[in-house]
Amino acid sequence: MSDIQVLEPKRLWQWFDRLCAIPRPSHHEEKVAKFIVDWANEKGFFVERDQIGNVLIRKPATTGMENRQKVALQAHLDMVPQANEGSTHNFLTDPILPYVDGEWVKAKGTTLGSDNGVGLASALAVLDSEDLAHPELEVLCTMTEEAGMDGAHNLKANWLQSSLMINTDTEEIGEVYIGCAGGEDAKVSLPIQREKNTFTKTYQVSLKGLRGGHSGSEINTNRVNAIKLFARFLANIEQTQAFPFALAEIRGGSVRNAIPREAYAIVCVDDENALKTAVQNFQDFLQNELAIAEPKAIISVLSVDNPETIFDQASTHKAIHLLNALPNGVDRYSDVVDGVVETSSSIGVLKTEDDEVTGLILIRSLVESGKQYVASLLSSLASLCGATVTLSGNYPGWEPHPDTDILRLTQRIYAEILGVEPTIKVIHAGLECGLIKQAYPTMEIVSFGPTIENAHSPDEKVHIPAVQIYWELLTKVLANIPEQK
């Protein structure tokens, strides 16, 4: 039990606290799914899991609401596992430790999981309540949204009965989302040749302290990608021929949909002073060019044991320049929705294995042709250096439909609560709504949620007053659902 249990609305925060106690990183949601299913069975609700593991719970309408349209609340079960450097947190076994800091709830040293834990907690709190008016209700809890949208990809038709849906996975109070970008994973694989190490000294060079964040909704915020920044450091050394060196390993990031905060390389040299000078020069650059965007960025060196083998010079050259030339960030802004990113890409994970370097890139776009264009860029670049690109996990965008009953109702109630009209938006992040619409094309969907900042990073936090507003909106919308058509 943590101090968040006393916050209002208590039922929602108590559920969120329960969720924080259950490890639920992507691909490891079985514990939380079983907990929810067991609880639903105890309450006497209809509960079922499908072939991929999604959980569906049904609750009858409250008295007087039986003739209203059926509504589904939707949230995903998993969270992004990110911890601060030096943390010993084990996301498979250890609970998240939430705490109150002024008007915010944060976690001790890790991601909080408010994305989408607060939305999931709100849906369970509605199910748990005995004093809230609502029509016949469904709650859909989906699997592995953060690492490929597995649950939404495999959602079967004719399982849900609702004509309306509220997705709870957006992160700004005062905004209602009616569309989102689609996405696709691109894995770039560069074969490397190794040779015997003849250098006399080896160092681990580490770039840390960057802000990171969500590679969709925060891709246009000048947050620097640690992998790209590290490639810039290495490319500068090679292009200026400052001193001979070779790589033995290069890596960075940990999840595909977060802007990486850290990158590392094992660098073999003979001239240790030259390497240390290059590192110091780059630190000076960080404190100059990136002082505002990345004030805590730091690059350092640490002596390590000499490896037996290293990348040969051709492989070192190709790996550095492939990463340095890799398209990353905003590619194009939308012509249709002012100020919204249309197409972007972000390398989230970089690894070195025995005979190859691999990078996992998430391509996002509001239009299918945008994804195809970035994939084409990656393929062209890969072909120049003997790499390959493998595409997977393509999911569609959510096409905006501004003329729906659920949107009009949400707008009206939101305006009453806020005193101003809410902003109707399309988000560049990937929501599951596009995939859900594939299985349920006539379903009307809106998405709204509380203010969450720095999602997908250990700086993640959720605004307590915004959660109160979100809960008021959610419960009033449910109480005012229109009658069946």
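Which residues do ring pairs link into a cluster with Trp 39?

**Close-up 1. In this predicted model, a cluster of aromatic rings brings together Trp 15, Phe 35, Trp 39 and Phe 45.** These four residues are linked to one another by ring pairs. A pair of aromatic rings is described by the distance of the centres and the angle of the planes. For Trp 39 and Phe 45, the ring centres lie 5.9 Å apart and the planes meet at 65°, and because planes over 60 degrees apart count as edge-to-face, this pair is placed in that class. Trp 39 has a relative accessibility of 9% and therefore counts as buried, and Phe 45, with a relative accessible area of 14%, is buried as well.

**Close-up 2. Charged side chains sit over the rings of two tryptophans, Trp 15 and Trp 104.** Trp 15, which belongs to the aromatic cluster, has the charged end of Arg 18 over its ring, at 4.3 Å from the ring centre. In the other example, Lys 461 lies over the face of Trp 104, and the distance to the ring centre is 4.4 Å.

**Close-up 3. Helix 7 covers residues 313-325 and packs against several strands and helices through its buried residues.** The helix has 13 residues, and from its first C-alpha to its last it reaches 18 Å, which is close to the 18 Å expected at 1.5 Å a residue. Its buried residues include Ser 315, Thr 316 and Ala 319, together with the run Ile 320, His 321, Leu 322 and Leu 323. An α-helix has 3.6 residues a turn, so residues three or four places apart point the same way. Among the partners of the buried residues of helix 7 are strand 9 (182-191), strand 19 (341-353), helix 5 (226-239) and helix 8 (368-385).

**Close-up 4. Pro 244 lies in the loop that runs between helix 5 and strand 13.** With a relative accessible area of 61%, Pro 244 is exposed, and yet, leaving aside residues up to four places away in sequence, Pro 244 touches Phe 199, Cys 268 and Val 269. Pro 244 and Gln 313 are 69 residues apart along the chain, while their C-alpha atoms are separated by 9.6 Å.

**Close-up 5. The largest cavity in the structure has a volume of about 160 Å³.** It is lined by 19 residues, of which Glu 145, Glu 146, His 214, Ala 429 and Gly 430 are the closest to its centre. A search of the whole structure finds two cavities of 30 Å³ or more.

Key. Residues numbered from 1 in each chain as written. Predicted model: local features only at pLDDT ≥ 70, side-chain atom pairs only at ≥ 80, totals over all residues. Heavy atoms only, no water. Phe/Tyr/Trp six-rings, centres within 6.5 Å; stacked < 30°, edge-to-face > 60°. Buried < 20%, exposed > 50% of the residue type's maximum accessible area, 1.4 Å probe, protein only. Lys NZ or Arg CZ within 6 Å of the ring centre and 35° of its normal. Helix = DSSP H or I, 4+ residues; strand = E, 2+ residues; numbered from the N terminus. Expected span 1.5 Å × (residues − 1). Contact = heavy atoms within 4.5 Å. 1 Å grid on protein atoms, 1.4 Å probe; cavity = no way out; pocket = protein on both sides within 12 Å on 5 of 7 lines; lining within 4 Å. Points joined across faces, edges and corners; volume = space filled by probe spheres on them.
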